[in-house]
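Here is a short briefing on one protein model. Keep the structure open while you read.

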Amino acid sequence: MQEINLSIPRPGPAATKFLEKGIYSNLVNGEWLSCQSGETFDTLDPATGEVIGKLQRSGAGDVEKAVRAARNAFDNGSWSKITPMERSRILWKIADLLEANIDELAELETLDQGKALYVGRWAEIPGAVNQFRYFAGLATKIEGATIPTSINYQPEGKEVFAYTQKEPVGVVGAIVPWNSPLVLTAMKLAPALAAGCTVVLKPAENTSLTAVRLVELMQEAGLPDGVINLVTGFGHEAGAALAEHKDVDKIAFTGSTQTGRAIMNAAQGNLKRITLELGGKSPVIIMPDADIDAAIQGAANAIFFNGGQVCIAGSRLYCHRSIMDKVAEGIAAIGGQIKLGHGLDPETQMGPLVSKEHSAKVAAYIADGKSAGASILSGGETGGPNQSFVEPTVITDVTPDMRIVREEIFGPVVVVTPFDDTEEVVAAANDSDYALAAGVWTEGLSNGMRMANRLKAGTVWVNGHAMYDASLPIGGMKQSGWGRDSGQAALENYLELKTVCAII
């Protein structure tokens with residue numbers, strides 16, 4: 001195991017003040033409340049295992065109160081009936097407040113999730129800011145259409161006037177994951193609020209601190225009471241109650257495919273609408289004509305960024321046989337130079353995984369691959385005081401049937417496979433239950449465009465990876481989910497289309 005630097009700089013005064021609260025409450029109808037049972041649970045610094053706060057262990061009764069508050073706020077029109085320009089103004093104000101408090105939020109995200117500070121400070125939280133600004137713009141552009149019908153059986157002397165209008169779907173349950181908490185939360189809240197919906201937010205139990213701070217800032221921005229409500233707790237308790245609730249009109253979920261199936265089952269009761277952004281096992285293809293140095297750096301970043309805890313991580317790497325050794329050794333060299341340490345240390349390039357339990361799961365995948373005959377080219381070890389660090393790992397000599405090739409590991413682990421021709425690699429890349437993202441590295445424009453058309457994935461990058469913007473739809477095919485986050489398509493998730501046909 002490479003050396004881990006666990007010197008922990010003190011967070012800044014704003015984050016320190018927030019942490020001094022110690023116990024964090026739910027937000028229901030504008031009030032900060034303890035859960036009905038009075039039970040709390042610990043949230044930990046994943047690098048050290050130390051307790052950094054206590055959260056409410058919410059149950060069905062707490063979810064009931066939050067949903068009732070969201071329903072009342074929706075029905076009374078305090079948000080859905082105000083002018084689009086006013087909604088836009090408040091969403092923009094939320095973005096401004098996020099930006100003004102970005103250092104505090106980045107430190108809290110690192111302490112709670114483990115990620116290197118730069119990931120939150122310079123990538124994810126600016127992405128959350130941009131989500132609110134993008135959808136602040138779209139809030140004033142929700143439009144219907146007039147339709148020239150061919151109806152010809154209206155009463156004599158009468159005319160037909162038909163049009164569509166878009167209306168907010170109602171109460172939204174937003175259930176978000178632990179890997180990139182703030183930006184993935186923003187991907188749900190910003191379009192839902194732009195559409196005029198009210199929300200009950202259930203953050204991941206591992207990483208709820210920035211959700212608490214976010215809704216504080218949303219209150220400060222001027223959201224009416226009940227428009228945003230927060231319940232913390234465990235997925236099988238608070239999350240399940242929210243997904244099943246008969247007065248929730250829509251669930252927006254990002255997380256594992258297994259949990260996505262459970263959400264689908266829970267939604268059957270009232271046939272609520274759902275969007276699911278689920279797992280991935282994204283292929284990255286490096287063609288022999290690629291800029292090899294750029295491809296090596298890009299492929300390494302595709303799997304090692306945020307410790308590989310990214311749904312679109314490039315975890316299956318396909319290299320043309322003529323360049324495979326150079327590419328695999330290059331990525332291994334980059335992985336070996338990555339500095340592991342506490343995320344608050346500015347020298348840290350990769351922090352711990354989110355928990356020692358998740359680290360053990362990743363380690364078990366590596367061990368399973370090795371026992372199945374794969375070779376560990378580099379990395380593969382775990383360590384740290386909380387056993388939550390996993391070295392950047394490159395694995396070769398894999399076969400398509402191995403679990404490490406077929407299943408989502410969600411850690412800094414890439415499997416490398418050679419190929420000889422385009423037909424072979426496209427078939428291999430598409431041979432997966434998942435279809436969230438893919439990448440192609442080539443200097444041939446025709447190559448890149450043709451392969452992008454043939455790859456089964458919600459997003460395909462050519463000569464890049466994880467190039468995202470609030471304007472670009474994100475989502476998958478196959479078992480990677482339903483619907484899209486980000487972009488104009490995301491707004492439609494939170495709108496109902498109504499047809500009005502009048503005889504005039």
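**Briefing: sheet, pockets, cavities and one buried alanine**

Three bridges join β17 to β20 (residues 393–396), and the two strands run antiparallel. The model is predicted. That strand pair belongs to an open sheet of seven strands.

- β17 (375–378) and β24 (459–462) are the edge strands, each pairing on one side only.
- On average, neighbouring strands of this sheet are turned by 25° against each other, direction ignored.
- Helix α11 (residues 324–337) packs on the sheet. This helix touches β14 (283–286), β15 (316–320), β17, β20 and β21 (413–419). The direction of α11 makes about 140° with that of β15.
- Within the antiparallel pair of β17 and β20, Ser-375 stands opposite Thr-396 in β20.
- As background, strands of a sheet pair through backbone hydrogen bonds, either parallel or antiparallel.

**The largest pocket**

- The largest pocket has a volume of about 1100 Å³.
- Its lining is made up of 40 residues. Trp-178, Phe-253, Gly-255, Ser-256 and Thr-259 lie nearest the centre.
- α8 (235–244), β12 (250–254), α9 (257–266) and α12 (356–371) each supply at least two lining residues.
- Which element gives the most to this lining? Helix α9 does, with seven residues.
- By class, the lining holds 18 nonpolar, 14 polar and eight charged residues.

**The second largest pocket**

- The second largest pocket has a volume of about 570 Å³.
- This pocket is lined by 25 residues. Those nearest its centre are Glu-124, Val-183, Met-187, Ala-466 and Tyr-468.
- Two or more lining residues come from each of α5 (117–138), α6 (181–195) and α10 (292–304).
- Helix α5 provides the largest share, six residues.
- The lining divides into 14 nonpolar, eight polar and three charged residues.

**Enclosed cavities**

- Rolling a probe the size of a water molecule over the atoms shows where empty space is left.
- How many cavities of 30 Å³ or more does the structure hold? There are six.
- The largest cavity has a volume of about 60 Å³.
- Residues lining the largest cavity include Gly-280, Lys-281, Ile-303, Gly-308, Val-310 and Cys-311. Also in the lining are Ala-313, Ser-315, Glu-408, Ile-409, Phe-410 and Gly-411.
- Six of the lining residues are nonpolar, four are polar and two are charged.

**Ala-211**

- Ala-211 lies in helix α7 (residues 209–221).
- Is Ala-211 buried or exposed? Ala-211 counts as buried because its relative accessible area is 5%, and the cut-off for buried is under 20%.
- Leaving out residues up to four places away in sequence, Ala-211 touches Leu-201, Pro-203 and Leu-230.
- Ala-211 and Val-176 are 35 residues apart in sequence. In space, the two are 9.9 Å apart, C-alpha to C-alpha.

Conventions:
Residues are numbered from 1 along each chain as its sequence is written. This is a predicted model: local features need pLDDT of at least 70, side-chain atom pairs count only at pLDDT 80 or more; totals for chains, interfaces and linings use all residues. Side-chain values use heavy atoms; hydrogens and water are left out. Two strands pair if DSSP finds at least two bridges between them. Helices (H or I, at least four residues) and strands (E, at least two) are DSSP runs, numbered from the N terminus. Axes are lines fitted to C-alpha atoms, for helices over the stretch in contact, and angles run from 0 to 180 degrees between N-to-C directions. Contact means heavy atoms within 4.5 Å. On a 1 Å grid over the protein atoms alone, a cavity is a set of points where a 1.4 Å probe fits but cannot get out, and a pocket is an open set with protein on both sides within 12 Å along at least five of seven lines; lining residues have an atom within 4 Å of a point. Grid points are joined across faces, edges and corners, and a volume is the space filled by probe spheres set on the points. Ala, Val, Leu, Ile, Met, Phe, Trp, Tyr, Cys and Pro count as nonpolar, Asp, Glu, Lys and Arg as charged, and the others, Gly among them, as polar. Buried means under 20% relative accessible area, exposed over 50%, partly exposed in between (1.4 Å probe, protein chains only).
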